[in-house]
Amino acid sequence: MKASKVAGKGVKSLSAEGKSPTAAGLRERKRQETRERLTRAAMSLFLERGFEATTIDDIAAAADVSRRSFFHYFASKEDVVAAWQEGAAGALVAEIVARPADESMLTAAENAIAAAVKRLDPAEAAAMSRLKRDNPALQARDQLKYEKLERALADGLARRARTKSDRQKARLVAMIATGVMRVGGESWIGEGAREKPEAFVKRTFDAIRAILK
């Protein structure tokens, strides 16, 4: 009888949904790990075989999940690329927020972008750019990516703002920085991706400052 009471108390100690916060956190962590594994597997296959030649079954097999499980995380191959890009955008915004407070917004944006691209493998970044350039579906997603990136950068830069004028400046710098990434990336590929990405970023921002003088 006493054992029954103890068991009853144990059930009551769980959350209203009948599951502990620890268990819920573990499930969410496993979901995130599976999503990241699918993204890594897909990007590796895209770069190795090409976007069109890679099937969803290929991605699922490489990530050691079922085809059905793939669709629990992504609706299409294009969605995997979009998720990869959003992760990169989030890391860039975090870099901007972490920049020293005494840096101007333009300098903070430049240094954050340079730090972000420095972590990239130049050959992989070039291959990814060509992959998107050669695929119409990915090109359309790329346009949307830059729109989202500009908003995210503006939000990150706005955290440095103290006045209404600064907040407007944040939007303008975000627009410039996004343009640098778009035009600069295309130019970098066009020139054969020979220069280090971070050096190319500096040269591009120097050109922007020369125009603004």
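Begin by selecting Asp58, which counts as partly exposed at 23% relative accessibility; on this scale, buried means under 20% relative accessible area, exposed over 50%, and partly exposed in between (1.4 Å probe, protein chains only). The model is a predicted one, in which local features need pLDDT of at least 70 and side-chain atom pairs count only at pLDDT 80 or more, while totals for chains, interfaces and linings use all residues. Residues are numbered from 1 along each chain as its sequence is written, and side-chain values use heavy atoms, with hydrogens and water left out.

The term denotes a side-chain nitrogen of Lys or Arg within 4 Å of a carboxyl oxygen of Asp or Glu. Arg49 is likewise partly exposed, with a relative accessible area of 44%.

Next, select Arg119 and Glu95. Their side chains meet in a salt bridge at 2.5 Å, N to O. This pair links distant parts of the chain, 24 residues apart: Arg119 is in the loop between helix 6 and helix 7 (122-133), and Glu95 is in helix 5. Helices (H or I, at least four residues) and strands (E, at least two) are DSSP runs, numbered from the N terminus.

Remain on Glu95 and display its surroundings. Leaving aside residues up to four places away in sequence, Glu95 touches Ala112, Ala115 and Arg119; a contact here means heavy atoms within 4.5 Å.

Now turn to the nonpolar interior. A nonpolar core is a set of buried Ala, Val, Leu, Ile, Met, Phe, Trp, Tyr and Cys residues joined through side-chain atoms within 4.5 Å. The largest such core has 25 residues, of which Leu92, Ile113, Leu153 and Leu157 touch the most other members. Two or more residues of this core come from each of helix 5 (77-98), helix 6 (105-118), helix 8 (136-158), helix 9 (164-190) and helix 10 (197-212). Helix 6 supplies the largest share, eight residues.

Centre the view on Ile113. Which residues does Ile113 touch, not counting residues up to four places away in sequence? They are Leu92, Ala177, Met181, Val201 and Phe205. Apart from this core lies another, of 21 residues, among them Met43, Phe46, Phe51 and Ile56.

The last stop is helix 10, where Thr204 is found. Thr204 is buried, with a relative accessible area of 19%. Its side chain reaches the backbone oxygen of Phe200 at 2.8 Å, which can be shown as a polar contact (a pair of N or O atoms within 3.5 Å; within protein, one must be able to donate a hydrogen and the other to accept it, and residues adjacent in sequence count only if both atoms are side-chain atoms).

Finally, select Asp206 and Lys202, which both lie in helix 10, four residues apart, about one turn of the helix. Asp206 forms a salt bridge with Lys202, and the closest N and O atoms are 3.1 Å apart. Asp206 counts as partly exposed at 36% relative accessibility, and Lys202 counts as partly exposed at 46%.
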